[in-house]
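Colleague: I have a structure to go through with you. Could you take me over its rings, its loops and its surface?

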Amino acid sequence: MTKLKKQSFLKGALIVAVANMIVKIIGALFKIPLTRFILGADGIAVYNASYTIYNVLFMVATAGLPVAISKMVSESAARQNYAEVRRIFSVANKLLLTVGLIGSAVLFFGSRFFAQRLGIPTAATAMLALSPCLFFVAVMSVYRGLFQGMSNMVPTAVSEMIEACGKLFIGLILSYLLLPVGKDMAAAGAILGVSTGAFLGAVYLVGYYRKTNKMLKMQAKENTLPLTPNRQLLSRLLRLAVPITLGSAVFTLASLIDLTMILNQLAGLGFDEATRKEMYGYYSGYAVPMFNLPPTVITALSISIVPAITGAIAAKRRELAKHTVETAIRITLLFALPCAVGMSVLAAPVLQFVYNDINAAGMLTVLSYGIIFVSLVMVTNSIIQATGKVWMPVVNMLIGGAVKVIVNFILVGNIDININGAPYGTVLCYITTALLNLAVIQKSMRPNYGLVFLLKTLVCTAAMGFAALKVYGWVSIYTGNTVALLSAVAAGALVYAALLLVLRTLKKQDV
């Protein structure tokens, strides 16, 4: 009988990782010229304010459901109950279409209210342009959840690239054409490209499902196992999705905290609206995108690890689940540590190269160290959810969010620190959450990450950062920023890779 296409945990993670890197390159080709040549700091503030509200509704509508679908599908697939897999998909599809329509309607009719509450009334048009996106993302979520649960990461990867390409071409063209009308309308044009990209991604996934559904039907016909009633499937789907959604929403809540607290506190300090938009634009439009760049690759691990661990536990292979956890944490640290240090020591050259503007360098220097901990939070959240303790990430991230609120209140409200206090709140938020998550995993699964491995990786990372900083300093004396930066990055990468091999930090499966 023809088998449905599957990949191993690491192969699936690699597929999504490569796709995420391509998507991020496409995203950079979109966001960098949009910020640097079209919108500027004040225009990108409107774009980001619209996107933050959208992300809140997006998380509520779709964040937990794909993971819940993936978990339930992988459990049924591990028992070869493919008839139930199709039933789970059917129930989830009806639920997500309903949720997507409601979310789009809320954003469409509430756009003016949201924009006024945020203190940027001109963002209302951009929010209107984003409203259809929620429905298309809901459609994509159910298909991605199905394929991820079947350990087939290709549809997720391809749909993400299609979505990014639509945003790039349509968003930039519309933004450029609408710029003569004003930066607010240009931001709305860029946002409309996001909605169009989501539509194209949804069309691809629907077409892919139609091609592969025949094989799923064939396997479902051979099913002899009992089927769970639709009502029970819906109930379980919601019981899994709600805590996962709340846990994921804390990431977005952190951004919303930044948006509302920072703008209101800056207003309280006496900064006028134009200055507030510019200051927030530098933080959210210059520093935060650079901070968000490396963790998107870690998304591949967090997506792939849920069905891998769930399937291993369902098959009573606890040692395999434990080994998967150890591998995921190791790879996360191998990637996140050098990214964080490299981004921090080269913050000003990176911003000069990307935006030709280094006003956010101080914020990015601090914020970069959060890359380590946000990457750990993403992976450990998925690990904990896969083991069935779906409420623990919610509790841990709420505690991290509370830390962020307190730090923001103290630092951003200080006239001498103001916007420069926001990165400290973000970093401390993710440090708190990551440590709490790791404690939960250690208690339940007893993984052995290896102290020697951690020490070796830290040595490699420190040497890499030192080499990159020194090479930049030497080369920049004789050349411009671009050549010096590329030389520093190359030197740092070579030092890091060489030391990993010399100190025997890598294992075969890591490579």
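Colleague: Which ring does the charged end of Arg-330 sit over?

Modeller: Keep in mind that this is a predicted model. The charged end of Arg-330 lies 4.2 Å from the centre of a ring. A charge sits over a ring only if that distance is within 6 Å and the angle to the ring normal is within 35 degrees. The ring here belongs to Phe-453.

Colleague: How many aromatic pairs are there?

Modeller: Two rings pair if their centres lie within 6.5 Å. By this rule, the count of aromatic pairs is 13.

Colleague: How many residues apart are Tyr-143 and Tyr-209?

Modeller: Tyr-143 is in helix α3, residues 124-149. Tyr-209 is in helix α5, residues 183-221.

Colleague: Are Tyr-143 and Tyr-209 buried or exposed?

Modeller: Buried means under 20% relative accessible area. Together with Phe-89, the two tyrosines form one aromatic cluster. Both Tyr-143 and Tyr-209 are buried.

Colleague: Is Asn-356 buried, partly exposed or exposed?

Modeller: Asn-356 is in the loop between α10 (347-355) and α11 (361-367). Its phi is positive, about 55°, although Asn-356 is not a glycine. Its relative accessibility is 45%, so Asn-356 counts as partly exposed.

Colleague: Is Asn-418 buried or exposed?

Modeller: Asn-418 has a positive phi of about 45°, and it is not a glycine either. Its loop runs between α13 (392-411) and α14 (422-445). The relative accessibility of Asn-418 is 11%, so it counts as buried.

Colleague: What is the accessible area of the nonpolar patch on the surface?

Modeller: The patch is formed by Leu-234, Leu-238, Val-242, Leu-246 and Trp-391. Leu-234 is in helix α6, residues 230-268. Leu-234 is partly exposed because its relative accessible area is 31%. Together, the patch residues have an accessible area of about 420 Å².

How values were computed: Residues are numbered from 1 along each chain as its sequence is written. This is a predicted model: local features need pLDDT of at least 70, side-chain atom pairs count only at pLDDT 80 or more; totals for chains, interfaces and linings use all residues. Side-chain values use heavy atoms; hydrogens and water are left out. Helices (H or I, at least four residues) and strands (E, at least two) are DSSP runs, numbered from the N terminus. Buried means under 20% relative accessible area, exposed over 50%, partly exposed in between (1.4 Å probe, protein chains only). Patches are made of residues with over 30% relative accessible area and no salt bridge: like charges are joined within 9 Å, nonpolar side chains (Val, Leu, Ile, Met, Phe, Trp, Tyr) within 5 Å. Accessible areas come from the Shrake-Rupley method with a 1.4 Å probe; for residues, only the protein chains shown count as cover. A salt bridge is a side-chain nitrogen of Lys or Arg within 4 Å of a carboxyl oxygen of Asp or Glu. Rings of Phe, Tyr and Trp (its six-membered ring) pair if their centres lie within 6.5 Å; planes under 30 degrees apart count as stacked, over 60 as edge-to-face and the rest as tilted.
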